[in-house]
Amino acid sequence: MDPRKLRLGFLLAAGAIVIALLLSSGPRAPSLMSPPVIWQATAGAGLLFLCAAWLADARSMTFGLAGTALAGGATLAMLRNPAIAGSAGAGFWMLVVAAWLASALCVVNLAALRPVRIDRQNILNILVPLLFAAAVFYLWEVGVRGFGVPPVLLPSPSAAAIKFASSLPMLGADFVQTFVRGVLIGYAIGCGAGLLVAILAHRYAFLGRGLLPLGNFFSALPLVGIAPIMVMWFGFDWPSKAAVVALVTFFPMLVNALTGLSASGHIERDLMRSYAANHSQSLSKLYLPAAMPFIFNALKINATLALIGAIVAEFFGTPTQGIGFRISTEAGRMAIDMVWAEIALAAVAGMGFYGLVALAERAITFWHPSYRT
Amino acid sequence: MPSGSLMRYPWVERYAPLATTVLVLIAIWYVAAIAMNLSLVRDAFEREETAYALTDMISGTLSAKRPLLPAPHQVAAAVYDSVFGYSPLAPRSLVYHSLVTLTATLLGFVLGALLGIVLALMIVHSRVLERSLMPWIICSQMVPILALAPIFIVVLGALGLHGLLPKSIISAYLCFFPIAIGMVKGLTSPEPLHIELMRTWSATSRQMLWKLRWPSAVPYLFASLRVAITISLIGAIVAELPTGAEAGIGARLLAGSYYGQTIQIWAALIASAVLASGLIGIVGLVERGVARRMGAH
């Protein structure tokens, strides 16, 4: 990034802090910066931004990040003061602007770096989105609490986090009900059945030609709509959720696996024939390995679909447990922080599940060109 | 393979497997309907203490009023009845509910497509956004976004928004992702050779976009649009569930499940299937038209 722009940006951030300090030295000073620590942190942040502006190169990033942390910490500490939370003045917002500007400069600069070493590049690829997310969460927190947004509309992330930490047993029970029982069992059944039918359809071409258009058709349908019927058939408890998940995951697996099984080349198939391999041998040695990237593609698609299917099925009736049940009842009671805690749980479960599938993919299809860079 | 002589005709070869599979599935459906409704019907007969034969029971399973699994012809009759039996705007008409869902789907689809394309353009033109935003766009898809639907409805309801818009926002949120990802892929798909050629003509980045990147992204755009429109439909249907909406396919599903009206649920499912395939078909037609205009063969 252009050093002049960088210098200008950090100078602006430092200027915003000076304005904040000046504004806070007025009649309302004791309330804004009441413990001296906050005043010191703010002044320190200003100094760090000045240093960053003076250097205006790669080193200024360290100063900028440290200053951002100080300024952000100062604003968060200020929000503990009930006189500021909900009716924050201009001085407070100048400080927030300074923190935001400095963090934006750091993120932009880090993203523009092109380190030569691959491991540094990897660190950067993780660091930049993390910083971006931290900035978003910071602005969310400060905005919600500074403007005093009613928690019914949008709780602050910290409120949701506190709720999360304080209701761990309930969240754990919901997780077991929805994820371990509903999602995992249904996912195993649906993906397994899809793979088996695909192998059969690959063996008997007549079946394959009949099933492929149907599979394409069904995988484009809003299959979650089958949920009320499954609840009627299998009752309120987890079997109905597992059934919905199995149905939703079946067709993507069927279509993808069928495509993958016919992905092996002519030369390889001829080679298998010249070895006089029978069908099960060529299946285990050629067709299935060649289909693995496609199968994992379906497994990854299904990881998301399965969680959605289970949660939607819970909207149609559950025992008094489960992520979907909790979301719909707590939303009805306007306990939005609990809803966000459940969403965080679902998000963590979803990402963890997806991550595990992706790791397994890396381990099994290590030979695929996309992993051999 | 059966009957080698018939398979000479290309249309037989093409459609025979599909038709056989569909017929087998319908046959399985009938058998399952008889098997699943059997105890229901037997209980009814025994309560009335009338003498009955096996044929009575079987015909009873296929015409039960609230069967566990309605037979295909019952579903077909229900669909026919609720499509043609009422005026299209009567609240009992399936056409009316489909239209309600369709408007939410289309609005959400348009919003989502615009959002996805704009995001893709921003990501392609800014390295910062590519690095910081892209991972989160991908992460957002591992989150079961439908779980957000009730909150969206509550929050938007508190802001005074009811009816169409909250549903469309949920569909848009669901369907922007495949479009954004597909368009990023498409906009970065021109070969380096072509990009360098544009550079030698000192093309501005806007010219580069309109004359090179956009045309080469069009096939990717339509591939993602086809995925996105079904997702958008799913979003609209699911968004109708937690709101207790009075109209729409999702509302029909919910009402059917509350009152045990299985035939109504199946009819609503058929309606959603028809909507989904119709929408995909329309996107496919537009795609073919655009491809022809762009000079594809």
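Predicted model: local features only at pLDDT ≥ 70, side-chain atom pairs only at ≥ 80, totals over all residues.
Residues are numbered from 1 along each chain as its sequence is written, and chains are lettered from A and ligands numbered from 1 in the order in which they are written.

Chain B has 11 helices and zero strands; helices (H or I, at least four residues) and strands (E, at least two) are DSSP runs numbered from the N terminus. Its pattern along the sequence is α-α-α-α-α-α-α-α-α-α-α. The C-alpha trace of chain B spans about 90 × 65 × 35 Å along its principal axes.

Of the 297 residues of chain B, 38% count as buried. A residue is buried if 20 or more other C-beta atoms lie within 10 Å of its own, exposed if 12 or fewer, and partly exposed in between, with C-beta atoms placed from the backbone. Two residues are in contact if their C-beta atoms, placed in that way, lie within 7 Å. Among contacts in chain B between residues at least 6 apart in sequence, 75% join residues at least 24 apart.

Between the chains, 44 residues of chain B are in contact with 48 residues of chain A. On the chain B side, the elements that give two or more residues include α1 (10-48), α9 (205-243) and α11 (262-293). By class, this side has 32 nonpolar, 10 polar and two charged residues. Here Ala, Val, Leu, Ile, Met, Phe, Trp, Tyr, Cys and Pro count as nonpolar, Asp, Glu, Lys and Arg as charged, and the others, Gly among them, as polar.

In chain A, an automatic or database assignment gives domain 1 (3-149) and domain 2 (165-371). The centres of domain 1 and domain 2 of chain A, taken over C-alpha atoms, are separated by 43 Å.

A nonpolar core is a set of buried Ala, Val, Leu, Ile, Met, Phe, Trp, Tyr and Cys residues joined through C-beta atoms within 7 Å. The largest has 126 residues, and V224(A), V244(A), L254(A), A257(A) and M183(B) have the most contacts inside it. Leaving aside neighbours within four places in sequence, V244(A) is in contact with residues including G186(A), V224(A), M230(A) and A313(A). A second, separate core of 38 residues includes M94(A), A102(A), L105(A) and L110(A).

Some local backbone features remain. Most residues other than glycine have a negative phi. A276(A), not a glycine, has a positive phi of about 60° and lies in the loop between α12 (266-274) and α13 (279-314) of chain A. A276(A) is exposed, with 7 other C-beta atoms within 10 Å. S202(B), also not a glycine, has a positive phi of about 50°; its place is the loop between α8 (192-200) and α9 of chain B. S202(B) counts as exposed, with 7 C-beta neighbours inside 10 Å. Just after α11(B), G295(B) takes a positive phi of about 95°.
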